[in-house]
Amino acid sequence: MYIIRSLAIISIFLLASCGETRKENTKSETKLPIEGFWERKGTIQFVNGVPVDTLLYGVDEEGMRNFKVYSEGNVFWVNDRNNGKQVWKGGNGGYGKFKINDSILTEYMSHGTGGMGAYLHYSKDSLNVPSMQFDFKYSLSDMNYTQLGGAVPDSEDNISFGEYYEKLTPKKKSKMDGSWKRAYEIFYVNGVAVDTTKVPTDALLDVKIIKDGYFIIQVDQTKLINDPSNPEYYGGGSFGQHVYDGNGNMTEYFEFGSGQGEFSCTPRNVECAHFATVSFYDDDMFLQVTKDTLGQGAAGRGVVYQRIE
């Protein structure tokens, strides 16, 4: 099971931060109505611009799990769609930035996993651009969201389709809520840090978002592996539920994966959970260390995450 190989190092941070003045947190407190976690429930059919039918996953069309989150200018999505014929065995996912202008939602996707990661890598290199732009018309209410276009059937002259999402009920907010990028990796022996490694973000991007009790992870390795016949080229991602007790203990309950992350688990299944201790340097950087007392893989490894603006 492909569950985060990201775990990292504190000493690099201490060296880098010596002599620096801590910057004030200037992030805007203004939240857009679209912010939050959304689950795709199906597809809406429009005729002459009027919604006439809703095709629900698992009822009217083949089901898949597909989640999307918008927060502070960042967008993440992940699904478990795979026909079993691809080199990678999990689903697909993406990470980027977004903007809203009137009725147009624009996503600037820069990294991904599975087929999306491969597509973005090829397209960005071919066009020499940092991201690919996707424009969607959208409609939004408190608990429902529809975007025209995306992973839907081809449109005809008077018929079009939109992705239909419902908002996940927020669980518990925590200090860990935010978008984060892996900056350093630490290795421990008997609880002592013995090696530190800076993550080369120009070759490997490991990002995750935590919000309202949920998380999405995306690890793009297309520049690190550079061999589409190798499953690791397609990276790995996941969706699940997140619990932080406020006292340095974190649990990530993984439910499914993308890229080479081929697994499926029921919600809050301890057999698919990652247990870690967490310590904050400040509001914008923390260290998580996989607990070594639970028989977990990657025990004794740490990751330093830095907030994404």
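This is a predicted model: local features need pLDDT of at least 70, side-chain atom pairs count only at pLDDT 80 or more; totals for chains, interfaces and linings use all residues.
User: Start with covalent links. What is a disulfide in general?

Analyst: A disulfide is a covalent bond that joins the sulfur atoms of two cysteines.

User: How many disulfides does the count give here, and which cysteines form a disulfide?

Analyst: The count gives one disulfide. Cys265 and Cys272 form it, with their sulfur atoms 1.9 Å apart. The cut-off is 2.5 Å, so a pair at 1.9 Å qualifies.

User: What is the handedness of the disulfide between Cys265 and Cys272?

Analyst: Read the torsion about the S-S bond. For Cys265 and Cys272 this torsion is about -75°, so the disulfide is left-handed.

User: Are Cys265 and Cys272 buried or exposed?

Analyst: Cys265 and Cys272 are both buried.

User: Now charged pairs. What can side chains of opposite charge do?

Analyst: They can pair when their charged atoms come close.

User: How many salt bridges does the count give?

Analyst: The count is 11 salt bridges. Take Arg40 and Glu163 as one of the cases. Their closest N and O atoms are 3.5 Å apart. The cut-off is 4 Å, so this pair is counted.

User: Which parts of the chain does the pair of Arg40 and Glu163 tie together?

Analyst: Arg40 sits in strand β1 (residues 36-47), and Glu163 sits in strand β9 (residues 159-167). The pair therefore ties together parts that are 123 residues apart in sequence. Arg40 and Glu163 are both buried.

User: Which residues form a salt bridge with Arg182?

Analyst: Glu185 is one of the partners of Arg182, with the closest N and O atoms 2.8 Å apart. Asp206 also meets Arg182 in a salt bridge, at 2.7 Å from N to O. That pair links distant parts of the chain: Asp206 lies in strand β12 (residues 205-211), and Arg182 lies in strand β10 (residues 178-189), 24 residues apart.

User: What is the relative accessible area of Asp206, and of Arg182?

Analyst: Asp206 has a relative accessible area of 1%. Arg182 has 5%. Buried means under 20%, so Asp206 and Arg182 both count as buried. Shared partners also join salt bridges into one network, made up of Arg182, Glu185, Asp206 and Arg301. Glu185 is buried as well.

User: Where is Asn128 placed, and what is its phi?

Analyst: Asn128 has a phi near 55°, a positive value in a residue other than glycine. Asn128 is in the loop between α2 (114-127) and β7 (132-140). Its relative accessible area is 70%, so Asn128 is exposed.

User: What about Arg268: where does it lie, and what is its phi?

Analyst: Arg268 is not a glycine, yet its phi is positive, at about 60°. Arg268 lies in the loop between β15 (249-259) and β16 (273-282). Arg268 counts as partly exposed because its relative accessibility is 41%.

User: One last feature. With which side chain does the side chain of Thr290 make a polar contact?

Analyst: The partner is the side chain of His274, at 2.8 Å. Thr290 belongs to strand β17 (residues 285-290). With a relative accessible area of 2%, Thr290 is buried.

Technical notes: Residues are numbered from 1 along each chain as its sequence is written. Side-chain values use heavy atoms; hydrogens and water are left out. Buried means under 20% relative accessible area, exposed over 50%, partly exposed in between (1.4 Å probe, protein chains only). A salt bridge is a side-chain nitrogen of Lys or Arg within 4 Å of a carboxyl oxygen of Asp or Glu. Helices (H or I, at least four residues) and strands (E, at least two) are DSSP runs, numbered from the N terminus. A polar contact is a pair of N or O atoms within 3.5 Å; within protein, one must be able to donate a hydrogen and the other to accept it, and residues adjacent in sequence count only if both atoms are side-chain atoms.
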